[in-house]
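Morning, everyone. Let's take a quick tour of one model, and please keep the structure on screen while I talk.

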Amino acid sequence: MTSPAPLKGVHHVAYRCKDAKETVEFYRDALGMDFQLAIAEDNVPSTGEHDPYMHIFLDAGNGNVLAFFELPTQPDMGRDENTPAWVQHIAFRVGSLEELMETKAHLEGMGLDVLGPTHHGIFKSIYFFDPNGHRIELAADIGTPEQMAQLKSVAVPMIEEWNATKKAPRHAAWLHEKIAEES
């Protein structure tokens, strides 16, 4: 039996955009992401079908790449109406709570509505939407190595209990209890 190749990280994650130029400018101006490259074709290399596209790649730091496709001949993009808007999102890590708050002020200065910071126990985050309607999260880690180890130790029991009951397991309830104590 063969085994999979060991993964070396995420090469890129791709989403659809309404306007490639506007998307490049937004991520450059809002988050300082460098526009790395663009690929445009009239035919899809993997399928051969005719579907002109502009594929853009932005540097999200540490070798991570966020990519978008503009598809001018396809129907207007929408979102999964059966999934709440808060569920599907792109989350980026920032280096500190101070950087998180500085970025929040920067985004608000650009006229964006920014929610948060929201305290998640092991990180705090802010939320806003890009011009394509994608929800963006910026997160600053605050968890300790002990907290992360405790969460890892209950991950399997939590997924097993969830799978059996579809009710929120209480194995990590201490996260929210900790937040309540700090409030």
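First, the ground rules. This is a predicted model, where local features need pLDDT of at least 70, side-chain atom pairs count only at pLDDT 80 or more, and totals for chains, interfaces and linings use all residues. Residues are numbered from 1 along each chain as its sequence is written, and side-chain values use heavy atoms, with hydrogens and water left out.

Now the sheet. Four strands make an open sheet, ordered S5-S8-S7-S6, with mixed pairing. Strands here are DSSP E runs of at least two residues, helices are H or I runs of at least four, and both are numbered from the N terminus. Two strands pair if DSSP finds at least two bridges between them. At the edges sit S5 (89-94) and S6 (115-119), each pairing on one side only. S6 runs antiparallel to S7 (residues 123-129), joined by three bridges. There, Leu 115 stands opposite Tyr 127 in S7.

Next, the hairpin. S2 (residues 34-43) and S3 (residues 50-59) pair antiparallel over eight bridges. Glu 41 has Tyr 53 in S3 as its bridge partner. Six residues lie between the two strands, and Gly 48 in the turn has a positive phi of about 80°.

Last, helix H3. H3 covers residues 145-165 and holds Val 156. Is Val 156 buried or exposed? Exposed, because its relative accessibility is 56%, and the cut-offs are under 20% for buried, over 50% for exposed, partly exposed in between, with a 1.4 Å probe and protein chains only.
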